[in-house]
Amino acid sequence: MKKFLMTSVAASALIAGPAFAQQWDHPPDPPAGYSDYYHDATGSPDVAARYGYRAGYDDGVSDKAKGHSFRPTEDDNYKHVPDIHDAGMNRQHAKDRYREAYVHGYEHGYGPHS
């Protein structure tokens with residue numbers, strides 16, 4: 001079973017396994033910095049980007065707090081993309097969008113690094 005760790009804002013909307021895909025109807029509110037990269041259409045959020053950015057942001061904050069080096073592509077939430085069902089996107093496009101947003105969120109959450 002894949003695990004997907006996020007803060008309380010999004011944790012209640014996530015369930016591992018087949019039921020997980022049904023939870024994509026209510027993506028989390030984007031954290032600060034999201035709008036620097038993504039602009040959701042009115043009434044139609046970019047679900048893959050929102051979840052990717054939120055997961056990356058949370059992992060970046062956590063890694064920085066734990067003293068880890070800057071490593072956005074090494075966390076499990078980057079490597080193991082959940083089964084995203086986003087209108088108009090096939091599975092690979094959704095995975096790519098999630099990972100792109102994850103890296104941006106991680107950079108923002110981690111903050112300045114050398």
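Predicted model: local features only at pLDDT ≥ 70, side-chain atom pairs only at ≥ 80, totals over all residues.
## Confidence and overall make-up

The pLDDT of the chain averages 76, and 71% of the residues score at least 70. Among the elements of the chain, the lowest mean pLDDT, 35, belongs to helix α1 (residues 8–11), whereas helix α3 (residues 76–79) has the highest, 96. Over residues 1–23 the pLDDT is below 50, although this stretch still has 38 contacts in the model beyond near neighbours in sequence.

The secondary structure comes to four helices and zero strands, so that, read from the N terminus on, the order of elements is α-α-α-α. Of the 114 residues in the chain, 42% count as buried. Among contacts with a separation of 6 or more, 66% are accounted for by residues 24 or more positions apart.

## Helix α2

Helix α2 covers residues 47–65 and is mostly covered, with 14 of its 19 residues buried. The end C-alpha atoms of α2 lie 27 Å apart, which agrees with expectation because 19 residues at 1.5 Å a residue should span 27 Å. Following α2 comes G67, a residue whose phi is positive, near 80 degrees.

## Helix α4 and its packing against α2

Helix α4, at residues 91–110, has 20 residues and reaches 28 Å from its first C-alpha to its last, close to the 28 Å expected at 1.5 Å a residue. The buried residues of α4 are A94, Y98, A101, Y102, V103, H104, G105, Y106, G109 and Y110, and what covers them includes α2 and α3.

The two helices α2 and α4 pack at an angle of about 35 degrees, and their axes are 6 Å apart. The crossing in which α2 passes α4 is right-handed. Sorted by class, the residues in the contact of α2 with α4 are 13 nonpolar, seven polar and four charged.

## Y102 within α4

Y102 lies in helix α4. Its relative accessible area is 0%, and it therefore counts as buried, the cut-off being under 20%. Computed along the sequence, by contrast, Y102 and V81 stand 21 residues apart, and their C-alpha atoms are 10.0 Å apart in space.

P82 belongs to the loop between α3 and α4. With a relative accessible area of 7%, P82 is also buried, because that value falls under 20%. P82 and A94 are twelve residues apart in sequence, while the distance from C-alpha to C-alpha is 9.7 Å; A94 is itself one of the buried residues of α4.

Methods:
Residues numbered from 1 in each chain as written. Heavy atoms only, no water. Axes fitted to C-alpha atoms, helices over the stretch in contact; angles between N-to-C directions. Left-handed = near helix turned anticlockwise from the far one by under 90°. Nonpolar A, V, L, I, M, F, W, Y, C, P; charged D, E, K, R; others polar. pLDDT = per-residue confidence, 0-100. Contact = heavy atoms within 4.5 Å. Expected span 1.5 Å × (residues − 1). Buried < 20%, exposed > 50% of the residue type's maximum accessible area, 1.4 Å probe, protein only.
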